[in-house]
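Q: I'm new to this one. Can you walk me through the structure?

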Amino acid sequence: MTESLDLFSAPAPVDKAQPAIKIKALRDQLNQWAHQYYVLDEPTVPDAEYDRVFRELQALEAAHPDLVTPDSPTQRVIGAVMDGLAPVRHTVPMLSIHTETDTEATGAQAFDARVRRELGLTDADPAIEYVAEPKFDGLAMSLRYENGRLVQAATRGDGEVGEDVTHNIRTIRQIPLTLPEGVPPLLEVRGEVYMRRADFDALNERQREQGGKTFVNPRNAAAGAVRQLDSNITAQRPLSFFAYGLGAITPSAEGGPVFRTHYEMLQTLKSWGFPVAAQVQIAVGATELVAFHQQVGASRDALPYDIDGVVYKVNSLQLQRDLGFKTREPRWAVAHKYPAQEIATKIEGIDVQVGRTGKITPVARLAPVFVGGVTVTNATLHNLFEIRKKGVRVGDTVIVRRAGDVIPEVVGVMPGKRTGYVPNFRMPAACPVCGSAVVREKGEANHRCTGGLFCAAQRKEAILHFAARRAMDIEGLGDKLVDQLVDANVIRTLPDLYRLGLTSLIALERMAEKSAQNVLAALEKSKQTTLPRFLFALGIRHVGEATAKDLARHFGVLDAIMDATEEQLLAVNDVGPIVAKAIRTFFEQPHNREVVEQLRACGVTWPEGPVAERAPQILAGKTVVLTGTLPTLSRDAAKDMLEAAGAKVAGSVSKKTSYVVAGEEAGSKLVKAQELGVPVLDEAGMLELLSGQGV
């Protein structure tokens, strides 16, 4: 919103010139916003602000009907054809429906009363049957099928003429390219292209990592993907589709489906292979419309996609024809909105938070604002690159978005609101929690604390990773117990785990003596481990199981790894510059080395020695597959033994497999091994092989 809108709250006009000037200003502003939102896919104001100004224009035009013109935003369907996409004239216009902006129950009641009045019904007449649907926040689409094959997909455009986006729509797997026999020879299916929240978040995260453009919301991302000239780009942006209606339809000579109701038509579309929203249901009368609005509103945050309201449609197609249209809107349908999930507020400050993995995230402190059903006072800014890209500074008026359980985020700055010079935000050089250095690796967008095992913010994550099955394998040390131990300040660093006593564990909520003894036994058992497991358990960035094994094989002893230079680390198989630097950075931190020494002092030990002194790699170059349950060894223990002997343990059987080790309830892998003639061993045979006798 620009400063000129401050005039819109002026007193009622006193002469004819004033309302005309004000109406023109409102129309110009709405047209500008619509162009930015629908054509450029770069919205600059939240939906709530657009709706507020739109309602103000509607009220002024209602008060001065002689000033209403056909080109007013209230009299047309918003949209335009973009350069580069061929125009498509719709056989049946794609018209918008009236929006009921009263978010309370009265919105549904007003629509029902209006329909009954138009049909000439009295209170004594039966209630009207409606179909109630979610109002998707995506891009309207028309799919044209001829003789059961998709031949064209077009956007709504201005309702009469849209854009040909067939090449992109074909990449959406939910949209069938062919239809079953018996469908009409000409069929236009209308629906919504949208992006699921999880897909949207993943897309934006990829864009941030690659330094690309991030998207304001899923609707913005979906619209941008659909309008790409290169369908390869669209295919990389996961889109989805819901069908909700029909356009043109021509029955065959033998006839075709004759629908009596809108609900029947939707169920037929579903049987033809089109996705239809699960929430669609029949609602009888205003009471059930109100209940539907409330029910969907209560579950709105849990939906995997964005909606901004619900839609009510008269179910009987004959009654729809009787009701007809008003201007360019059907009288038989209405969209009933929910409170906006995007709204404007002011940034009062920028702080940083340290995540469980050490990621440093800048967070905007906001002037409190009600959005998406809650009062929001903080919103994520993601990283320094996002702040620079969006031009965010303290004191700016910004658009804040909240959808579902996703953390609120600042999606853009409202232009023209900044007053005076404000310096750019800078990331801290030291972690605000532990004081360790904050670094950003080359090619990464995120800054991270190097505190690792020492940083309190990372404590729970470090302990859970340390105790994981493929790390130290401490059975019973799960999320809830770690939360209690850390929150009660019983555990501050990893070595504190091995200093736990029965008394301190029993004192925890819901911890019986037997359970406490089991945890202590698991801790004692975990002290006997392997060097790869211990390295992996330390949680060194970029060091996974495979890299930990490569390091152990190459150096043989932990001290050699801790003291290795980056050049020496680069000599290890599959260790590149980024991994080498991460290992070197980890062991350069005095507190990390102190944790390692304390763990050793607590009795954590493993077999190690110079490479030349260790057992020969008798299975080097061999590939082994494990399947079924072995009599005495766990799958992990067997895998460790095989890998220690140099074997590669694979997950599937092929002609290149050297051996399959099969236990009880071995399934398809055993069958395939027998078909391919791959040698099959039991546990005893594997142990014999490892001893060198079976090679």
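Q: Let's start with A48. How accessible is A48?
A: A48 is partly exposed, with a relative accessible area of 22%. Bear in mind that this is a predicted model.

Q: Where does A48 lie?
A: In helix 2, which covers residues 47–63.

Q: And what is A48 in contact with?
A: Setting aside neighbours within four places in sequence, A48 is in contact with A340, E342 and I343.

Q: Which UniProt annotation covers A48?
A: The "binding site" annotation, from an unreviewed entry. Among the other residues in that annotation are D47, E49, E133, R156 and K337.

Q: Why do the residues of that annotation not all gather at one spot?
A: They span 291 residues in sequence, and the farthest two C-alpha atoms are 26.9 Å apart, so they do not all gather at one spot.

Q: You mentioned E133. Is E133 buried or exposed?
A: E133 counts as buried, at 4% relative accessibility. E133 lies in strand 3.

Q: Which side chain does the side chain of E133 make a polar contact with?
A: That of H262, at 2.9 Å. Leaving out neighbours within four places in sequence, the contacts of E133 also include Y244, F292, V310 and K313.

Q: Switching topic. What does UniProt list for "active site"?
A: K135, again from an unreviewed entry. K135 lies in strand 3, residues 129–136.

Q: What does K135 touch?
A: Not counting residues up to four places away in sequence, K135 touches I307, D308, G309, V310, V311 and A335.

Q: V310 again. Where is the place of V310?
A: In strand 10, which runs over residues 307–314. V310 counts as buried, at 0% relative accessibility.

Q: How many residues apart along the chain are V310 and H336?
A: They are 26 residues apart along the chain, and 5.3 Å separates their C-alpha atoms. H336 is also one of the contacts of V310.

Q: On to helix 24. Which residues are buried in helix 24?
A: E683, G685, M686, L689 and L690. They sit on the same side of helix 24, because they cover an arc of only 160 degrees around the axis.

Q: What covers the buried residues of helix 24?
A: The cover includes helix 22 (635–644), strand 23 (659–662) and strand 24 (680–681).

Q: And what is at the start of helix 24?
A: There, a side-chain oxygen of D682 reaches to within 3.3 Å of the backbone nitrogen of A684. Helix 24 is followed by G692, which has a positive phi, near 100 degrees.

Q: Last, the whole chain. How many helices and strands are there?
A: The chain has 24 helices and 24 strands. Of its 695 residues, 49% count as buried.

How values were computed. Residues numbered from 1 in each chain as written. Predicted model: local features only at pLDDT ≥ 70, side-chain atom pairs only at ≥ 80, totals over all residues. Heavy atoms only, no water. UniProt positions renumbered as here; feature names shortened; annotations may be inferred. Helix = DSSP H or I, 4+ residues; strand = E, 2+ residues; numbered from the N terminus. Contact = heavy atoms within 4.5 Å. Buried < 20%, exposed > 50% of the residue type's maximum accessible area, 1.4 Å probe, protein only. Arc of directions from axis to C-beta. Polar contact = N/O pair within 3.5 Å; in protein donor to acceptor, adjacent residues only side chain to side chain.
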